[in-house]
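Subject: Structure handover

Hi,

Here is the structure we talked about. My notes follow below it.

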Amino acid sequence: MQSLVLTAVVLLLGRVAASTAEEIPDFLKVCRRSDPKLNECVMSSVEGLRSHLATGIPEFGIPSCEPLQIKQLVFNQGHGAVTLTSTYTDIKVYGPTEFRLDTVRIDLDKKSVRIKLWLPHLRMTSHYKIDGRVLIMPISGRGYNEGNYTDIDATCSVQGEHITIGGNTHYSVKSFDVKFSVGDARLYLGDLFNGDRELGDAMNLFLNENWKNIATELQPLLEVKIGQLFKEFSNKIYHKFTLEQLLPP
């Protein structure tokens with residue numbers, strides 16, 4: 001979800017693939033670095049992009065974000081109350097374009113961006129494989145899983161630098177830090193314990209009764225994974241276009 005908003009900010013901060021105003025699509029409002037109200041301009045422009053992010057923007061190589069699709073996430077948690085290895089594939093996240101953008105703070109001198117946003121609801125589906133222990137309970141299985149998350153607050157802090165590619169100056173993300181909190185969560189893992197329904201139902205009940213404790217253990221790892229994912233995604237855009245293209249005066 002944070003990558004969705006960062007992508008919007010990246011597009012809105014510059015001209016992207018265009019070198020003249022006539023080449024910029026009508027829906028893309030350009031925000032210039034000389035604008036004294038740059039933060040407000042970006043926030044307004046993101047709202048104008050919302051429907052296009054939902055359907056996709058082929059000219060920028062951005063697929064539909066409803067749902068947002070991620071091929072795979074792998075977690076290896078080897079210490080603490082939660083010790084497990086899990087893999088999630090064919091991940092689909094529904095609801096990311098329903099975000100409310102609370103603040104955008106762009107510091108051109110420090111080459112940094114700080115974004116705060118809120119989402120009312122996200123639904124995530126995937127195929128999973130898991131093995132380990134959650135709190136005091138052993139857990140293993142593979143199959144379909146679903147999570148429903150509500151009242152989500154997220155903060156993204158992006159620190160960049162200038163690099164040279166082909167003799168041209170480009171912006172590059174050095175670090176992408178993500179912090180988030182979830183108001184409530186409901187989880188379901190199918191086919192736990194080789195399809196033993198009684199054990200599976202008991203584990204799903206346990207997970208939903210203790211989701212906050214589990215989230216406390218897994219959240220730092222998840223935040224790092226999300227940050228790595230978004231850093232890679234962002235630099236694919238930043239390294240493609242020069243600084244002057246992305247940040248016109």
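First, a definition: the expected span of a helix is 1.5 Å times one less than its number of residues. Helices (H or I, at least four residues) and strands (E, at least two) are DSSP runs, numbered from the N terminus.

The model is predicted: local features need pLDDT of at least 70, side-chain atom pairs count only at pLDDT 80 or more, and totals for chains, interfaces and linings use all residues. Residues are numbered from 1 along each chain as its sequence is written, and side-chain values use heavy atoms, with hydrogens and water left out.

Helix α3

Helix α3 covers residues 197-209, 13 residues in total. From first C-alpha to last it reaches 18 Å, close to the 18 Å expected at 1.5 Å a residue. At its start, a side-chain oxygen of D196 comes to within 3.2 Å of the backbone nitrogen of E198. That is a polar contact (a pair of N or O atoms within 3.5 Å; within protein, one must be able to donate a hydrogen and the other to accept it, and residues adjacent in sequence count only if both atoms are side-chain atoms).

Buried means under 20% relative accessible area, exposed over 50%, partly exposed in between (1.4 Å probe, protein chains only). In α3 the buried residues are G200, M203, N204, F206, L207 and N208. Their cover includes β4, β5 (137-165), β6 (168-189) and α4 (211-238).

N208 is buried at 18% relative accessible area. A polar atom of its side chain lies 2.7 Å from the backbone nitrogen of L187. Beyond four places in sequence, N208 touches A185, R186 and L187; contact means heavy atoms within 4.5 Å.

Core

A nonpolar core is a set of buried Ala, Val, Leu, Ile, Met, Phe, Trp, Tyr and Cys residues joined through side-chain atoms within 4.5 Å. The largest one has 59 residues, and V134, I139 and L192 touch the most other members. Strand β4 (residues 112-134) gives the largest share, eight residues. Setting aside residues up to four places away in sequence, L192 touches Y128, I130, I139, S140, G141, G200, M203 and N204.

Strand β4

β3 (residues 100-107) and β4 pair antiparallel over seven bridges; pairing needs at least two DSSP bridges. L101 has L117 in β4 as its bridge partner. Four residues separate the strands in this hairpin, and K111 takes a positive phi near 60 degrees.

K129 also lies in β4. K129 is partly exposed, at 46% relative accessible area.

Best regards
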